[in-house]
There are 4 protein chains.
Amino acid sequence: MSVPEIGEFDISDLLIPAQRSLKLVGRPARPQGTVLDISGVRIGGTEVVVIAGPCAVEGEKQLMATAKAVRAAGARMLRGGAFKPRSSPYSFQGLKHEGLKLLARAREETGLPLVTEVLDSRQIDLICQYADVLQIGSRSMQNFPMLEELGKVGKPVLLKRGMSSTIEEFLLAAEYVMKGGNERIILCERGIRTFETSTRNTLDLNAIPMLKRLTHLPVIVDPSHGTGHWWMVPQLAKAAIAVGADGLLVEVHCNPEDALSDGPQSLRPDRFRKMMLDLKAVAAAVGMEMADPCTVHA
Amino acid sequence: MSVPEIGEFDISDLLIPAQRSLKLVGRPARPQGTVLDISGVRIGGTEVVVIAGPCAVEGEKQLMATAKAVRAAGARMLRGGAFKPRSSPYSFQGLKHEGLKLLARAREETGLPLVTEVLDSRQIDLICQYADVLQIGSRSMQNFPMLEELGKVGKPVLLKRGMSSTIEEFLLAAEYVMKGGNERIILCERGIRTFETSTRNTLDLNAIPMLKRLTHLPVIVDPSHGTGHWWMVPQLAKAAIAVGADGLLVEVHCNPEDALSDGPQSLRPDRFRKMMLDLKAVAAAVGMEMADPCTVHA
Amino acid sequence: MSVPEIGEFDISDLLIPAQRSLKLVGRPARPQGTVLDISGVRIGGTEVVVIAGPCAVEGEKQLMATAKAVRAAGARMLRGGAFKPRSSPYSFQGLKHEGLKLLARAREETGLPLVTEVLDSRQIDLICQYADVLQIGSRSMQNFPMLEELGKVGKPVLLKRGMSSTIEEFLLAAEYVMKGGNERIILCERGIRTFETSTRNTLDLNAIPMLKRLTHLPVIVDPSHGTGHWWMVPQLAKAAIAVGADGLLVEVHCNPEDALSDGPQSLRPDRFRKMMLDLKAVAAAVGMEMADPCTVHA
Amino acid sequence: MSVPEIGEFDISDLLIPAQRSLKLVGRPARPQGTVLDISGVRIGGTEVVVIAGPCAVEGEKQLMATAKAVRAAGARMLRGGAFKPRSSPYSFQGLKHEGLKLLARAREETGLPLVTEVLDSRQIDLICQYADVLQIGSRSMQNFPMLEELGKVGKPVLLKRGMSSTIEEFLLAAEYVMKGGNERIILCERGIRTFETSTRNTLDLNAIPMLKRLTHLPVIVDPSHGTGHWWMVPQLAKAAIAVGADGLLVEVHCNPEDALSDGPQSLRPDRFRKMMLDLKAVAAAVGMEMADPCTVHA
């Protein structure tokens with residue numbers, strides 16, 4: 001996304017008193033914005049980067065099929081959870097270490113950098129051996145000791161907004177990581193909790209221009225969690241690009257009906273491919289690029 | 001927006017139990033969607049219709065200058081409040097009847113159909129003498145006796161979502177109007193009330209695909225109230241078009257600093273014009289048209 | 001409730017910028033608090049006043065039985081809706097004028113002053129012929145033209161908080177009425193809309209001390225709408241008294257299973273009577289009085 | 001609190017589908033309710049147990065003075081944070097290990113069992129050496145790996161509700177701990193995040209009867225965080241007891257003006273003492289006991 005015209009802002013327009021606490025992540029610290037290079041994929045620049053894959057790694061076949069499909073459709077990174085945060089202790093909790101090994105195999109196969117979630121400080125070392133990007137989920141956004149640990153790590157962090165976190169709290173969480181020494185942070189809007197019940201969350205696209213103004217960090221959008229309905233994902237993905245997001249995080253599953261988690265919000269590969277084609281046109285309309293399915297596929 | 005592929009929906013996917021109460025506004029009542037013709041402006045079809053103008057009519061000079069500017073930039077209807085709902089009884093309450101007369105003069109001058117707000121059942125007759133579209137504001141969405149009166153009126157109704165109304169309640173409010181016999185209703189998402197304080201409201205763009213699926217009525221978006229910040233309006237306007245809205249409702253003011261209401265969220269005419277040009281590209285990317293500033297201006 | 005020690009407050013502690021707009025309803029306008037006399041029932045003083053009755057008037061038998069039962073249990077006023085605001089146009093909308101006549105008959109029978117809801121400015125004259133107190137429901141809290149009309153009326157107004165209205169907006173709505181010349185206003189907290197779904201609303205008891213501090217008007221609590229579950233009503237009623245409310249608004253129905261509206265949150269008369277006995281002890285613990293069932297009954 | 005009359009509940013009244021997942025914490029698993037004995041203090045029975053102390057341990061003098069004062073006023077346990085979760089990395093983060101040592105000294109001095117917060121799985125061993133009860137804060141309620149670790153620990157857990165967690169999610173978090181083998185859990189309502197800004201949070205007292213119905217575990221209330229204003233704490237504390245809470249968690253500080261965190265919501269010792277005397281009357285009114293300041297002091 002292009003840099004906002006900061007000179008134009010009034011002082012009276014500065015919305016967030018905590019801005020003086022945003023010493024490192026605040027836009028003034030790097031007015032031109034941050035572009036991260038993740039194993040050759042550049043995020044925060046002129047390309048809309050799509051990260052896609054299953055909610056959870058469920059097995060080799062499921063993962064490989066999905067990974068190849070999202071790569072063929074133009075995804076630039078692979079997402080997949082090995083450690084899953086589930087509201088109920090009786091739900092599927094992920095394949096854990098085994099899941100990480102499968103993810104590594106999928107990376108070998110596809111060349112896509114891996115994004116996977118960390119739930120606890122003690123998992124960081126292990127996950128760093130496999131992942132290219134450490135995802136911090138909504139429920140962990142204010143796990144401050146873990147944020148401090150992530151500050152010491154040599155891997156980029158994908159930080160998701162807490163489901164009831166303000167923009168200010170979101171940026172302060174990123175400040176924790178950067179204060180520790182890790183400058184490679186991607187912010188992710190994933191929907192907030194409101195009174196509306198027809199969607200799983202309320203995707204807050206207002207947050208994108210607000211974040212882009214207040215921070216220099218790349219900002220992406222997760223329309224899968226943001227809506228909870230697969231059939232809404234393509235339209236909200238278009239909106240996310242139109243509003244200025246630097247990328248998307250999208251759940252794709254070969255057989256959503258059989259998914260062990262988040263089936264209702266996962267796209268089938270064919271629908272994902274169709275969406276990717278449609279997104280290119282929207283990206284172009286706002287002056288952004290997107291990887292061409294064919295080129296990537298070759 | 002194109003008709004959603006209804007045949008594909010599962011029964012299990014029907015989200016809102018009240019759907020059986022949506023006898024008239026429900027999508028099944030008119031699967032192909034509704035296109036309204038308002039003094040020659042068609043909304044709900046292949047054109048993104050932009051309705052623009054000041055929050056409140058403040059005087060002849062302010063209104064005329066703004067009306068001409070928005071018309072020149074491609075707006076298809078003129079908005080402006082004569083009766084203003086204000087939280088405090090000590091705030092400017094609108095020019096009332098005088099404001100309506102000024103609006104009528106602005107229509108003569110520009111040819112733009114008028115949209116203006118009704119606050120009370122007793123105002124309906126008077127406002128019908130001037131307005132082309134009766135706007136029902138967020139605070140009146142569940143003013144049921146007024147909704148019943150609007151059902152008997154020969155003018156289209158622009159119904160804004162209540163600031164804490166669910167999608168279901170929103171559609172049931174429209175059902176009140178249609179049950180009374182008035183089939184010409186435009187729905188407007190204008191932001192909901194959440195915990196986030198950096199924006200005035202949280203624009204709920206999830207609502208657009210959900211509404212387009214559940215009802216056949218046209219759906220537009222108000223990014224001015226939805227964000228509360230003029231500098232966010234162009235980006236959210238793009239997102240609204242990308243997500244499938246049939247139109248926009250935008251506040252424009254010649255001198256936002258001097259506005260008697262909603263200055264911080266009103267665009268200056270030059271910024272509005274710039275936005276309109278940018279929107280055309282996004283509309284094209286999702287298969288929609290927009291009026292060309294030049295043509296309209298001629 | 002006793003007067004808060006205002007002298008003790010810091011200026012820095014004044015929470016609501018709009019307080020300067022609360023010229024008439026603000027506590028400083030009448031530091032000692034307001035006690036209203038409604039046909040002999042004093043509210044805002046040393047007695048906890050319970051207003052009870054059915055959600056809607058459904059017929060003579062239902063109303064009379066309920067009215068006598070609540071009077072026998074110690075209720076000091078009778079509530080009952082003749083005009084009902086319903087989300088769906090296909091739901092029971094109340095007996096309207098017929099309902100008002102039945103309410104008047106119930107007053108004759110029991111001696112209890114009547115509280116009933118007004119939905120529209122045009123109903124005010126009619127309802128004033130029957131009611132002792134005009135109730136303004138949650139959905140109408142910001143119906144400003146109606147608030148202005150209520151300012152000219154010679155009857156007290158019971159103003160319910162909007163379901164997503166801030167304390168500030170609530171007080172400004174009361175300011176509208178008082179600015180019109182009607183000083184007899186009772187405020188009613190009835191639950192706000194939040195993300196929680198196990199209860200119909202979230203009863204905001206924080207609002208009671210906040211309101212008592214900011215305004216001199218009496219403040220009551222509606223635990224029926226505030227919870228949506230009859231079995232929770234007695235406990236929240238106790239809490240409301242403990243937190244400093246001047247009274248309660250409670251739904252009671254002879255046959256909740258057959259109620260045309262709000263059955264799940266209506267108490268049966270025997271449970272209501274039991275609750276009233278329990279409330280006396282809590283009232284005494286916070287230095288308040290309550291009518292004795294026996295005395296009243298005699 | 002007395003056991004709810006479970007036999008009376010309708011099947012149709014069972015609100016939460018997840019109840020079948022509440023195998024261990026669900027009320028049916030122990031219909032008579034759970035009474036925990038914590039170093040001689042019994043919680044969940046006939047006594048309202050007040051836990052009080054400073055938000056954060058700031059130094060020996062501050063802690064000892066506060067600890068003695070709360071004990072003299074009738075508090076049964078001492079709270080105090082050594083590891084503090086702060087939104088900004090530049091805010092005071094607690095005295096950490098040093099703070100734990102000071103807490104242990106305060107216990108020696110006063111005999112009060114200690115409640116202190118755990119932020120990270122890696123801190124559990126250390127904190128278990130000092131604390132009598134491990135507090136899990138709002139931001140950690142869904143730190144599932146930590147909940148699993150707490151299941152293996154021989155100390156009771158005080159689990160605070162997440163600021164945007166539903167009752168269902170709250171109970172499922174407790175289920176995680178109990179599934180691990182730790183049956184000693186106290187639930188704490190501490191206010192939820194809503195649109196209202198005049199209070200820090202919205203204390204959800206509806207949650208108390210709902211939780212007491214759905215689970216057999218003791219439930220307490222934190223009116224300090226629940227309101228954010230010291231002057232509201234006594235009234236909400238009364239309401240909490242009236243609604244059926246088994247205890248309270250209250251912040252007290254000798255010099256709230258100088259507190260390093262949460263000063264505005266901390267009571268001075270004299271006000272705390274006054275509150276405790278007032279609470280006894282409310283407790284008695286709902287059939288509960290409270291420690292007598294004098295007796296405890298002796």
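Hi everyone, let me start with how copies are compared here: they are superposed by least squares on the C-alpha atoms of residues with pLDDT of at least 70 in both. Done that way, chain C can be laid on chain B with an RMSD of 0.0 Å, using a turn of 180° and a shift of 0.0 Å along the axis. The two copies are thus related as by a two-fold rotation axis. In chain C, the C-alpha nearest that axis belongs to Ser164(C), at 3.0 Å.

Some housekeeping before we go on. This is a predicted model, in which local features need pLDDT of at least 70 and side-chain atom pairs count only at pLDDT 80 or more, while totals for chains, interfaces and linings use all residues. Residues are numbered from 1 along each chain as its sequence is written, chains are lettered from A and ligands numbered from 1 in the order in which they are written, and side-chain values use heavy atoms, with hydrogens and water left out.

Back to chains B and C, and their contacts (heavy atoms within 4.5 Å). Of the interface residues of chain C, 100% are also interface residues in chain B, so the copies meet through the same surface.

Now to chain A. Helices (H or I, at least four residues) and strands (E, at least two) are DSSP runs, numbered from the N terminus. Buried means under 20% relative accessible area, with exposed over 50% and partly exposed in between (1.4 Å probe, protein chains only).

Let's look at strand S8(A), residues 185-189. Five of its five residues are buried, so S8(A) is largely enclosed by the rest of the structure. Ile185(A), Leu187(A) and Glu189(A) point one way, while Ile186(A) and Cys188(A) point the other.

What does S8(A) pair with? Two strands pair if DSSP finds at least two bridges between them. Strand S7(A), residues 157-160, runs parallel to S8(A) and is joined to it by four bridges; Leu159(A), for instance, has Leu187(A) as its bridge partner. The chain gets from S7(A) to S8(A) through H5(A), and this β-α-β crossover is right-handed, meaning that, with the strands pointing away from the viewer, the path from the first strand over the helix to the second runs clockwise. S9(A) also pairs with S8(A) in the parallel sense, over three bridges, and there Glu189(A) is partnered by Val221(A). S8(A), H6(A) and S9(A) make a right-handed β-α-β unit as well.

Helix H6(A), residues 207-214, is mostly covered, with eight of its eight residues buried. What covers them includes H5, S8, S9 and H8 of chain A, together with helix H8 (233-243) of chain B.

That brings us to the interface of chains A and B. Each side is listed in the contact: 45 residues from chain B and 45 residues from chain A. The buried area, which is the accessible area (1.4 Å probe) that two parts lose on being put together, summed over both, is about 3400 Å², and carbon and sulfur atoms give 64% of it. Phe195(B), Asn206(B) and Trp231(B) supply 21% of the area that chain B buries against chain A, more than any other three residues.

How many salt bridges cross this interface? The rule, a side-chain nitrogen of Lys or Arg within 4 Å of a carboxyl oxygen of Asp or Glu, finds two. Arg161(A) forms a salt bridge with Glu196(B), with the closest N and O atoms 2.9 Å apart.

Beyond its sequence neighbours up to four places away, Phe144(A) touches Tyr176(A), Pro85(D), Arg86(D), Ser87(D) and Arg139(D). Thanks, everyone!
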